[in-house]
Structures are given as C-alpha cells and as structure tokens.
Amino acid sequence: MQEKTSAILVQNGGTIKMTLDQLKENESGNIKQINDEDLAIQLLSMGFTLGGEVKIERIAPLKDPILITSGTNYISIRNSDAKKIELIV
Amino acid sequence: MSKSDTQNIVLIGNPNTGKSSLFNALTGLNQKIGNFPGVTVDKKTGSYTFEKKAINVVDLPGTYSLNPNSQDERVAKDYLENTSKDDIIIVVADATNLKRNLLLFSEVVELGKQVILVLNMMDLLQKNKQEIDIKKLSKKLDCPVIPVNARLDKGIENVKKAISSYQQKEKKEINAQTSSNRIDEAMKRINDIDRITEDCITKEGENKSYLFTKKVDNIVTHKVYGYLIFLALLFFIFQAIFSWASYPMDLIDNGFVLLCDFVSKALPEGVLNDLIVNGILAGLGGIVIFVPQIAILFAFITILEDTGYMSRVSFLMDRILRQFGLNGKSIIPIISSTACAIPAIMGARTISNYKERLITIMVAPLISCSARIPVYTILIALIVSEDETYGIFNLQGLLVMGLYLLGFVAAILSAWIMKLIIKSKEKSTFTLEMPIYRAPRWKNVGYEIFSKVKIFLFDAGKIIIAISIILWVLCSYAPGNRFEEINKKYASTTYSESETEALIAADKLEASYAGIIGKTMEPAIKPLGFDWKIGISLVTSFAAREVFVGTMATLYSVGDADNTKSIKEKMMSAKNRETGEKLYTTATTLSLLIFYVFAMQCMATLAVVYRETNSIKWPIIQVVYMGALAYLSSLLVYTIFS
C-alpha cells in the first residue's frame, strides 16, 4: 500500500492522487470527483455525492467487485469503476 | 379534474421502494404484462374503479434517475415524456431514504408533470424512530404527499382519494436546472433537496434494518460461508424441483391419462377424436406437466429476489462469470435453466449490458432442463442396471450428474467463445444496489408465480400445440394407400388383438410421412449409431424433448407409454435391421445421450429467443451451433465406444 501510494506520488509530480480501489475493507474517504460522466450520474442518483463520504464495506472473495456505502446507501461496483472515483486526500 | 370517465396514472420510483407492492395493492389481479414497443422491458398495466371512475395504471420499470443509463431507464424516461398533461405521475419513494428518492421526484417535476408523492415503508420509518413532517413536506414540494405501507395495504385508500380529488395545476414556470454539466446539474439538485429535507425530517433516528442487513452480509458474503450457503440453497432448490414437484406432476400426468381416456370414449371414433386425444391433448399434457416445477422455481427465485439475497449471490459470482462473458446477474437465468430454459431466457432481462444478456440467452438452453430427465432416465437404464455402484455411489445417479455437469461446462465454454466473437462497445458494469433484507411479500410471490405460469402456458403452449398437431398429421397420414395395405396385411393373423394393433401402429408409423422423414434422415445420422426410428424421435423431440419417451413407446409398439419397463425391454431387444445385432449398444446409447445434452430440440425455447432478441438471426445461430456441437460430440463418442 505504502509503495503504491509513493509510486502514484511520483507519477503525478508531487500531488497525491488516491482512488477508491486503493482503500481496504472498512476504510473510508470522501469523494473528490468521478472521472466518468455516466458513472458519476449513476452514483449520484444512487445516493453518493461529491464531497460525501464513501466506505468500503466488503471486498468480494475474488477481490472484485466491492461493496461500498454512503450513509444507508449500499451498492456494489467493480474495481474498474472504483478506479475512476477520486478521493480527497 | 378532466371531464373524461377515465384517468391515467403512471407509477415511477427507485428500485426496491415497493412500487410493485403499490401496483398490486391498487389493481389486484386486474393486470397485464406486455412489452414496451420495440424493447423487451416489462410493461405492467392494470386498472381499478374508484368512485365510478375507471383508473388505468401503468407501472414503469424501477429507475434511479431520468438520465438514461440502462434500457429500463430509457423506457421510463421516454414514456414519461410522452404522457398527456392530464395524466398523474405517482412517484413512489422509500420514506427511510427520502433524500435519494427525491432526486427522481425533482426530475419528474421538472418535466412539468402532475405529481403525487407516495411515501412507502412508513412502518420501517417508525421502527427506526425516524420522523417526517408530511404537511411541511407537501407544502415545500407543492404537491400531495401520501404516507403508505403498501406491504400491509395501509394507506391505499388515501392514494385513491388523492388521485380522484387531484387538482390539476397550471403548468408553472419551472426553474429548470440550466447547467451545461450533467454532474453539476445533479449536484445542484441534490443540494436543493438537502435544504428541503433538513426542515422536514424531524428525527433522524437509526436505520435498524440497515444495521441488521450489514450483520447478515458479514456471513452471506463471507469468502467461505457465502459460497457454502449458496451451495446449500441450490441443493435445497434442486431437491424441491426434482422431488417435491414429482407429486403434483404425477397427479397431472394421471389426470391427463384419465382425461384422454374420457375424451376418446366420449367422442365418436374418427379423425377428430384422434386429433384431439393424440394431437392436442397429448401436446397440452406435455406442457402442463411442467407447471409445478416452474411454479416452485419461480417461488424460490421471487423469494430470493424479494428478500434481497439474489443481489448478494450476483455479487459473489460476478468475478467468476465475467471471465466467460457473462455478468453476476446471469446467475439467476443459469439456475432457472435447470428447470426450463424459457423462464430463464425471460429472466435475462435484468442484465442491462446487451452483449452479456445475449450470451446468457444463447447458452442457457445448453444447461440440462427438466424435459431431458425422462430421456436421460430411460437411456441410462439401457446401459447401467439400477443396482450397479461405483464405490458408494449409485452409477445411474452419477451418470445423470455427469450429464448435468457436461451441459453446464458446455454452456460456460460456449459463453467464453461467444465473448471472443461478439463485438460490443457497450461498457460492462456491475453497479447494483444491495437492498436491505426483508421478509418476502407472499402476495407478491403469488402474483409472480401466477404471471410467469400464465406466460409459460400461453406463449409456449401455443407453439407446442401447433407442433403437436403437425406431428400428429405427419404420423397419422401416409402418401398413397400405404395404410390400407398395412391393414390388409394384418387382416388375418394369429396374433392377439392387442399385439396386432401394436404391430399395425408400428408399421403405419414407418409408412407415414414422419417415417419417410426418418428414413430420409438415416444416412445423416447413421455415423452416430442412430437408425430411422431414432431419427423420428429426434424430429418429434422438437415439440418437447420428453416426447422422446412417448415416440419410443409408439415406435417399439408398446401400448402403454407409462410402462417404462416394457419400453426399456423392447428397446433393449431392438435389433439393427441390417446386421441383426443389438441396436442400443453402449456406443449408440451414449451417443444418443450426448446428443440430447447438446442439441437445440425445443421449438418453444427458440420462439422465446426470437421474441427476446427481436431477430431471427439468433435462434438460427443457436440451432446451428448447438446442433453442430451435438453432432460432432455424438460422432466422437460413438467412434470411441464402438
């Protein structure tokens, strides 16, 4: 995890960029932006908001998909989509 | 209120808000399921009468927003935009998740529609010690707000009253969101809703059902227990479909025997009698017998979906199924296919990605359905005796299991190949809500069983009856005077009366059009070890696979189709006409078994595939690829074993 973060750190020229797929079970963060318009609209309509909290509830036994929550909104998404969800660091 | 005697209302709401409960509570059994024009999205319509006014209700598919992400949402949006200005739109919302549900509400209002907001699940709201100031909410939203508990039929009268006393509003200036960015637009809307609900939600409470749900999920989606629970459930469902259903199935079977007997005696002898008894009634019996299995299967599937469990299974299976071009949601059709491919193919509608849905539809018939069971049973009995064992296992049972496994593996591999061939730019996602766990709504389960059985009986039934009649004609008529010659041949014999009848029946079949078809086919199927009689049953199996047993019964001149033992004996003693050797050798029997595992021998399924894909191309491809698979595998098996 540590190494991964530092690799990203270098890639982005000093700014830390964190996406949802990098969190572990029971970890949470706040959504900064979603880099896919369709996915963003879908998540917003399912109770997730920009700036709002998102928590990894469970990672499927085969590491994908994952269950995420925000308040009482509770959905599953694939890792490929989680990668598009940027978190506030 | 408009002057006309009918009022149209449209139900719309997020999935899992109890929209269908409200629909059922409003319309009762007065409902129809059809399709929206051009797409295969269920369109539920119904009606009721209130204060002498006829009210027509349309239930739109559950949708999170009017931003069309899936076919369901596109249908909902298009339908809403084309409603007339007098139609009342009822937005059904989950009271325990008001904020999110109001997002859709605000989109409907922006379309300039006449709206009523129905807050469902008021019982849960109370349980959670949450409170909503309904009056305040109604004032802020400037529309009637009706609290209900659709599950317990509470508040339904109030909804009906609100509809009949609805005051049509002049279309107001709507300050539509005018941001160029869809994301900003949605966020702005969310912030507006936050301000409204802040005042109206007077007590936040604690969502108890949500906390309970997360506890259950710790076990249900666990990496070990999760799969174990799923396997145990599957085992239980199989047990139910194959052992419990056998009692009502036997009853139906016997009922049809009695009915056929009664009709054949009641009607004067002749062509009409024969057509009704051996054509229509025989065909009808062939479908009605599967009603118990389909009803039980749909009871389970509805219960599993209604409780929220199915979403978890899809979650567990998504990664595995994705590998093969399928989706987590394909698991429901795959399970259903073990009973019958027809409901399975209809069930694939929940998969929003077209390619994944198409692959699911294309491979579902490879999974052994219940119609193959009678065929497997009789053929396996020819090569393995009942008490043979392999270790502690019954060998017959093992073979049946092996055939099921074979079908399953073939389905998965075919899916994988299709994944490589079919091109699609559509993105595949698995963004699926995990609804809270709730007790199943038994009434809903009942409605679901009723409507699915109805579709099965009428849609599949029409085709099966048509095919049965055609087959009957092919079996009952022959070119020229071939039948009379047969009658003459047996005019003076020393056989007993029943034996003579049986011999005549067998000879006539050989001379009939069906027999000619069988004979014509013989060169093509000879490499598989089949003779012309097997050829005929391959043809008749197109009506339904289990017809094989009946055809064998006729072909091998056994009077009673239910007497499996004597069919078995006759088949065992059947000789190859040229070599004089035993016909059903291990090689032929295995080859035939494999053929039945893979071949697409079901007209009804093909008809449903045609309807669901809206194209003749896919059923044709299905017949060809499954046929090729069956032919080559049988050829291989026959060559190895003979």
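**Entry 1: a term to start with**

Helices here are DSSP runs of at least four residues, numbered from the N terminus. With that in hand, I looked up B:Asn327 and found its place in the loop between helix 13 and helix 14 (331-337) of chain B. I remind myself that this is a predicted model.

**Entry 2: around B:Asn327**

Is B:Asn327 buried or exposed? I read a relative accessible area of 2%, and the cut-off for buried is under 20%, so B:Asn327 counts as buried. Its side chain makes a polar contact of 2.8 Å with the side chain of B:Glu356. I then listed its contacts, leaving aside neighbours within four places in sequence, and found among them B:Asp318, B:Phe430 and A:Arg78.

**Entry 3: the pair B:Asp318 and A:Arg78**

Two of those names came up again when I turned to salt bridges. B:Asp318 and A:Arg78 form one, with the closest N and O atoms 2.8 Å apart. Why does this pair join two chains? B:Asp318 lies in helix 13 of chain B, while A:Arg78 sits in the loop between strand 5 (73-77) and helix 3 (79-82) of chain A, so the bridge runs from one chain to the other. I checked the cover as well: B:Asp318 is buried at 0% relative accessible area, and A:Arg78 is buried at 2%.

**Entry 4: where the chains touch**

Next I looked at the whole contact. I found 37 residues from chain A and 40 residues from chain B taking part. The buried area between them is about 3400 Å², and carbon and sulfur atoms give 57% of that. On the side of chain B, B:Ile183, B:Phe315 and B:Thr431 lose the most area to chain A, together 19% of what that side buries.

How many salt bridges lie between chain B and chain A? I noted six. One of the pairs is A:Glu57 with B:Lys214, whose closest N and O atoms are 3.3 Å apart.

Which helix of chain B gives the most to the side that touches chain A? It is helix 13, with seven residues. By class, that side of chain B has 14 nonpolar, 14 polar and 12 charged residues.

**Entry 5: salt bridges inside chain B**

I stayed with helix 13 for one more pair. B:Arg312 and B:Asp217 meet in a salt bridge of 3.0 Å, N to O. B:Arg312 belongs to helix 13 and B:Asp217 to helix 8 of chain B, so the pair ties together parts that are 95 residues apart in sequence. Both ends are buried: B:Arg312 at 0% relative accessibility and B:Asp217 at 2%.

B:Asp123 and B:Arg438 make another salt bridge, at 3.4 Å from N to O. B:Asp123 is in helix 4 (residues 122-127) and B:Arg438 in the loop between strand 12 and helix 19 (442-476), so parts 315 residues apart in sequence are tied together. Here B:Asp123 is partly exposed at 25%, whereas B:Arg438 is buried at 17%.

**Entry 6**

Last, I stepped back. Chain A has three helices and six strands, in the order α-β-β-α-β-β-β-α-β from the N terminus on. Of its 89 residues, 51% count as buried. Chain B has 28 helices and 12 strands, and 52% of its 642 residues are buried. Its C-alpha atoms fill a box of roughly 95 × 55 × 40 Å along the principal axes.

Methods
Residues are numbered from 1 along each chain as its sequence is written. Chains are lettered from A and ligands numbered from 1 in the order in which they are written. This is a predicted model: local features need pLDDT of at least 70, side-chain atom pairs count only at pLDDT 80 or more; totals for chains, interfaces and linings use all residues. Side-chain values use heavy atoms; hydrogens and water are left out. Buried means under 20% relative accessible area, exposed over 50%, partly exposed in between (1.4 Å probe, protein chains only). Contact means heavy atoms within 4.5 Å. Buried area is the accessible area (1.4 Å probe) that two parts lose on being put together, summed over both. A salt bridge is a side-chain nitrogen of Lys or Arg within 4 Å of a carboxyl oxygen of Asp or Glu. Ala, Val, Leu, Ile, Met, Phe, Trp, Tyr, Cys and Pro count as nonpolar, Asp, Glu, Lys and Arg as charged, and the others, Gly among them, as polar. A polar contact is a pair of N or O atoms within 3.5 Å; within protein, one must be able to donate a hydrogen and the other to accept it, and residues adjacent in sequence count only if both atoms are side-chain atoms.
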